[in-house]
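Hi,

Here's the structure I said I'd pass along.

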Amino acid sequence: MDLLRSEPMQLVQLIIPIEAAYRTISYLGDLGLFQFKDLNAEKSPFQRTYATQIKRCGEMARKLRFFKEQMTEAGLSPSTRSMARADFNLDDLEVKLAEFEAELTEIKANNEKLQRAYSELVEYKLVLQKVGEFFYAAQNTAVAWQREVEAHHIGEGSIDSPLLLEQEISTDPSKQVKLGFVSGLVPREKSMAFERILFRATRGNVFLKQALVEDCVIDPVLGEKIEKNVFVIFFSGERVKNKILKICDAFGANRYPFMDDLVKQYQMITEVSGRLLELKTTVDAGLLHWSNLLQTIGYQFEQWSHLVKKEKSIYHTLNMLSIEVTKKCLVAEGWCPVFATSQIQNALEQATFDCNSQIRAIFQVLHTKESPPTYFRTNKFTLPFQEIVDAYGVAKYQEVNPGVYMIITFPFLFAVMFGDWGHGICLLLATLYFIVKEKKFSSQVMGASIVGLIRVRPTYPFGVDPKWHGSRSELPFLNSLKMKMSILLGVAQMNLGIILSYFNATFFGNNLNIWYQFVPQMIFLNSLFGYLSLLIIVKWCMGSQADLYHVMIYMFLSPTDDLGENQLFVGQKILQLVLLLLALVSIPWMLFPKPFLLKKQHQERHQGRSYALLHSIDDSPELERHHDSLGHVEFEFSEVFVHQLIHTIEFVLGAVSNTASYLRLWALSLAHSELSSVFYEKVLLLAWGFNNVVILTIGIVVFIFATVGVLLVMETLSAFLHALRLHWVEFQNKFYEGDGYKFYPFSFALLTDEDA
């Protein structure tokens, strides 16, 4: 496995007997090292050979999604326990899934009907109880009022009283007004509007009585739990009744019949209660049967799902193959790594042997100028770093891979910015937890599995003298040290990037990039910032008080002036003049030679290739076609020169800005250490000084939350993002093109739920 450069790839043509095509694709899917090219791109999905089989697989996938929805609704999950693999035939599986779907659909429909009937009976029972209570209370009130009236008349003893009473009693019953009523339930949130509309539609000629239902009830129509009110509406006349019924329908009010006879009310309540018990038993039995059926499906759901996805992917791949003219073979083209040649040939031979085919499959390598895909063989440790690089851009075929160096530099720069070994131990413990829970958090482990291991080190032998801690000069000293260390690290990493561009140019045989890109870039960067790094190291070694700011500024403004007390070594002034001259010379060195040499190479490459016999002026279109067939492309010198100009300006300005960008190492390290000191001194120590248990407890809680929330979460994220930027921008732009495309082999191991 070589991570520095992508695997050598080859374009391969496979000629497969049509009877062995299915098994061949299946074996190649198990192998997972062949990327097929679509040879039927001009055809729509419906015009392809295996469109019917894909449609069948899609229908089975729909049934499996239906099963999963039902299991989710039932609170079940597909079984993940290992089972002995059963060889299912696609036709048998299709029949089995259809049977399960029909049974589940029938059970669900029956359960919905039973549940609706049960909900209706529950609501009907509530109506009988609440409206019955209203009628009973109204009847008692009427009887009491009648007795009071009779007692009042007898007590007064008037002469006219018997006559009036007799007149009232002898009134014609047919002339008495009879009131109708409608009862039911209405959603509580609509009850006020319901009452208001009733009043306006009937002009107040109704009497509405509502009673609250304490618990939520399941609506028979919606199937959801809703707060409702029981209502009864008294009215007179058919026209008013019709209006009331329409308003009830508009508000989703469920109406139920009611009888004012108390005996019949009790009979209805008894009957409804009995039917509720029967329905409850039936519904529970149906749900139990539904749950058992779903459990049976769940035991083999994953196996069925994988089989359907596998079958669909096989037929989808077969649709990418073209049929040979004899219609006895299928032709496939695709990319594969060179090391996989023998494995693919073995898979082809095994497939033809298992199918008892009389024709052997043919494996032949094609020569092409097409750029191959990029493929790196990674493991669990190297994969996260490779994914970080690929997020910026996939490497061009066989160019240097930054992921190799990022394995070291990324956690190191992260640790420089994080800068606290105590908090590093906390990250280490969190990392170990994720490693222990790897199976549960398999997609999130490696992102944090290395960052906490860097800063755990002894205090002084590899760090700063602890006597600086707490002194007045601590902050200025640490600032100066961290700033200079940031510059040294930045210049070192940028030099590494330029050196990698040399290895790219050497590998691809591009001498122009070596002499007119690598050499001047190395000279320019090190004439300025390499020299600055040298001054920093010399100053540390000598213990000098020289002002490096003054040295670097006046190196440009007054290069011939005397350095005075800022001179660090003999000949420094002459060295500065030479380096400044080299930096100035390297700019036109990068800009001018390369475009002219590219033009010269182009002319030499196409010299004598674009001549043709000139018959007449009318032959010019044919000549143009001949021109194109020879591959002659007009050289755009202006475009090449502008591109080189942009590249030169970008590098010259970027050398300054990128070096300054590495000062973020100092800034974030300083911020982390100062925040740690503030939280410790202004929260924890301050609370400790009060000698109060309550204040101390509050201080400890605030300190813990501040440490975890700010220093361990926000600062970790900040350091990660800044380390990411330093690699993507400051490091990779020196050598990395990142304009390749990934190798996506046909592999059953890479199938996802979206492929179903």
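First, the record: an unreviewed UniProt entry lists residues 403–436, 485–503, 523–542, 574–592 and 693–714 under "transmembrane region". Keep in mind that what you're looking at is a predicted model.

I checked two of those stretches. Residues 485–503 come out as 100% helix and 0% strand, with 27 Å between the end C-alpha atoms. Residues 693–714 are also 100% helix and 0% strand, and there the end C-alpha atoms are 30 Å apart.

Then I went through the packing around helix 13. Helix 13 (residues 511–542) packs against helix 15 (residues 572–591) at about 150 degrees, with the axes 9 Å apart. Anything over 145 degrees counts as roughly antiparallel, so that's what helix 13 and helix 15 are to each other. Their crossing is left-handed. On the helix 13 side, the contact includes W515, Y516, F524 and Y531, while helix 15 brings in residues including L575, L579, W589 and M590. Sorted by class, that contact has 16 nonpolar, five polar and no charged residues.

Helix 13 also meets helix 16 (residues 593–606): the axes come within 10 Å and cross at roughly 165 degrees. Helix 13 and helix 16 are therefore roughly antiparallel too, but this crossing is right-handed. Here L512, N513, Y516 and Q517 of helix 13 touch P593, K594, L597, L598 and Q601 of helix 16. By class, that makes five nonpolar, three polar and one charged.

Cheers

Key:
Residues are numbered from 1 along each chain as its sequence is written. This is a predicted model: local features need pLDDT of at least 70, side-chain atom pairs count only at pLDDT 80 or more; totals for chains, interfaces and linings use all residues. Side-chain values use heavy atoms; hydrogens and water are left out. UniProt positions are given in the numbering used here, feature names are shortened, and annotations may be inferred rather than shown by experiment. Helices (H or I, at least four residues) and strands (E, at least two) are DSSP runs, numbered from the N terminus. Axes are lines fitted to C-alpha atoms, for helices over the stretch in contact, and angles run from 0 to 180 degrees between N-to-C directions. Angles under 35 degrees count as roughly parallel, over 145 as roughly antiparallel, 65 to 115 as roughly perpendicular and the rest as oblique. A crossing is left-handed if the near helix is turned anticlockwise from the far one by less than a right angle, and right-handed if clockwise. Contact means heavy atoms within 4.5 Å. Ala, Val, Leu, Ile, Met, Phe, Trp, Tyr, Cys and Pro count as nonpolar, Asp, Glu, Lys and Arg as charged, and the others, Gly among them, as polar.
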